[in-house]
Amino acid sequence: MKSAACLVAVFLCASTAMADPVTVRSAEGGLVLIGDVIGYDGEFLQMSTDYGPLTLRYGSVICEGSACPDADAYVPKVRLSGASRMAEVAVPALVEAFGRSNGWQSELVQIDPSHFDIILRDESQGVQAEFTFRVSNTDEGFADLIAYEADMAMAVREVRVDEAEIARTVGLGDLTAPQQSRIIGLDALVPVVHPALGLDAIALKDVALAYRGEINNWVEIGGPDLPIVRHLGLRTSGSVQFFVDHAVRQESGTLAQDVTFHTSFDAVAGAVAEIPGSIGMLPYGKTRNTQPLTLRDSCGFSSVPVTTTLKTEDYPLTQPLFLYLPDRRQPKIVRDFLAWLRGPEAQLVVRRAGFVDQGAVPISLDAQGQRFANAIAKAGEDIPLAELQRLIRVLMPRTRLSTSFRFEVGSTRLDAQSRSNLMSLGQAIRDGRHDGQSLMLVGFSDGRGAPAPNRDLSSARAEAVKRALVAVLGSLPEGVIVETEAFGEALPMGCDDTEWGRQLNRRVELWVDQRNP
């Protein structure tokens, strides 16, 4: 198994194990390069050379060596590797639907339990593309991408700092850049317990403490006098790594030594349902016969994983599903596939696969009654009645969309889901879906600090999102108005006594004028 610690060695071994080096000469003879072929898209040849990765127009050079592509027999091949959670249904279904959108037939060829191909074929013109899958885990997906053994990594967590650094070192570019990843859908992790435990809610902080071994009996958090028995999926699972990164390691915590790891989420569910006092973390929609717990903080704010809370990132353990790509020219088939992923047909496939798509949905003012009730209940001297009245007056004529924007901890940089939301909003504007509308980016802050600076901070965040949106578009099309507004700490979503709560509160929401819904 390839770990982050040996990825550089993996790359070096893979590079030397590739096909024999080729020699490429310019037609005039003035250029001679020797290196390994790392890609060919029917028009451009990608090589690994002593000068680093290079891309050359194949028709303009002479290639010598057994690994030289045959331009006449070229069939686009796209290699995907990584998370089994994505490879089980979602990504293959997307590939097949993409083929149907082009009028192609698809054939799935099972090679072995962890490898299969999807061949897209035109009835009259033959094979149009081959998508090959290696089903493993997120770690392996990144390792294969770095070793030039995959063209896309399927990941259920973000790329880690060490992985991104190695990828940059071997010439794959900055994997943390927005253009080098695509979110295809959203999942979530849900804390679950034995059905007879008698709990229906838990604080995320207590979930973290339980998995750190700092809470060992349910009586410590209002439950029965039973020892806590901790269960997780495979330690190498990207979903487990996501949970450890986002919950357990907060405030420098470490995972307890007595956690039982299981080979599948079904096994986790079975163990939790069988052993009283058990707790597990399961994906959204896979809780089976366990008792899912609502996340509730010390201020009384509750969060349940449903479509809207995942789309808005209001559920703290929302888990994006990523495709990561190297920073190099992609074959036309890949460019077309990535563009198609942003369309409504792809979003439907994601929903049918059991995940939440990223398509924006309206959230009526009536559906947000609890949010406004919380704002009134939590308002003190810092938030006067006049400010709450202004908030209602500004937002009442508008409809909130599920598209939201949040920032990385301690940074002005948008988080991964928000960067994807920005690209989707830009595409929706380009497609004319907001023609004639007034869009309002509304900024909010956490409650730390004085009200006036907090309002200024929330205003700055809204303006930052607007600038980023204009940068994506180049310029706003005629007939689309984008305004900003800010209300500071006036509409909290979580308690400010934890980083999770503060992160929920620091956000920019998208509201649209109802006059042209």
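The model is predicted, so local features need pLDDT of at least 70 and side-chain atom pairs count only at pLDDT 80 or more, while totals for chains, interfaces and linings use all residues. Residues are numbered from 1 along each chain as its sequence is written, and side-chain values use heavy atoms, with hydrogens and water left out.

Rings of Phe, Tyr and Trp (its six-membered ring) are taken as a pair if their centres lie within 6.5 Å; planes under 30 degrees apart make the pair stacked, over 60 edge-to-face, and the rest tilted. By this rule there are 12 aromatic pairs. One of them is stacked: Phe116 and Phe133, at 4.5 Å centre to centre with 10° between the planes. This pair ties together distant parts of the chain, 17 residues apart, with Phe116 in strand β8 (residues 115-122) and Phe133 in strand β9 (residues 126-136). Strands here are DSSP runs of E, at least two residues, numbered from the N terminus.

Buried means under 20% relative accessible area with a 1.4 Å probe, protein chains only. Phe116 is buried at 7%, and Phe133 is buried too, at 3%. Then there are Phe322 and Tyr324, a tilted pair because their ring centres are 5.4 Å apart and their planes meet at 35°; both residues are buried. Elsewhere, Phe98, Trp104, Phe131, Phe337 and Trp340 make up one aromatic cluster.

Charges turn up over rings as well, counted if NZ of Lys or CZ of Arg is within 6 Å of the ring centre and within 35 degrees of the ring normal. Arg461 sits over the face of Phe407, 5.9 Å from the ring centre, and Arg507 sits over the face of Phe444 at 4.3 Å.

Conventions
Helix = DSSP H or I, 4+ residues; strand = E, 2+ residues; numbered from the N terminus. Buried < 20%, exposed > 50% of the residue type's maximum accessible area, 1.4 Å probe, protein only.
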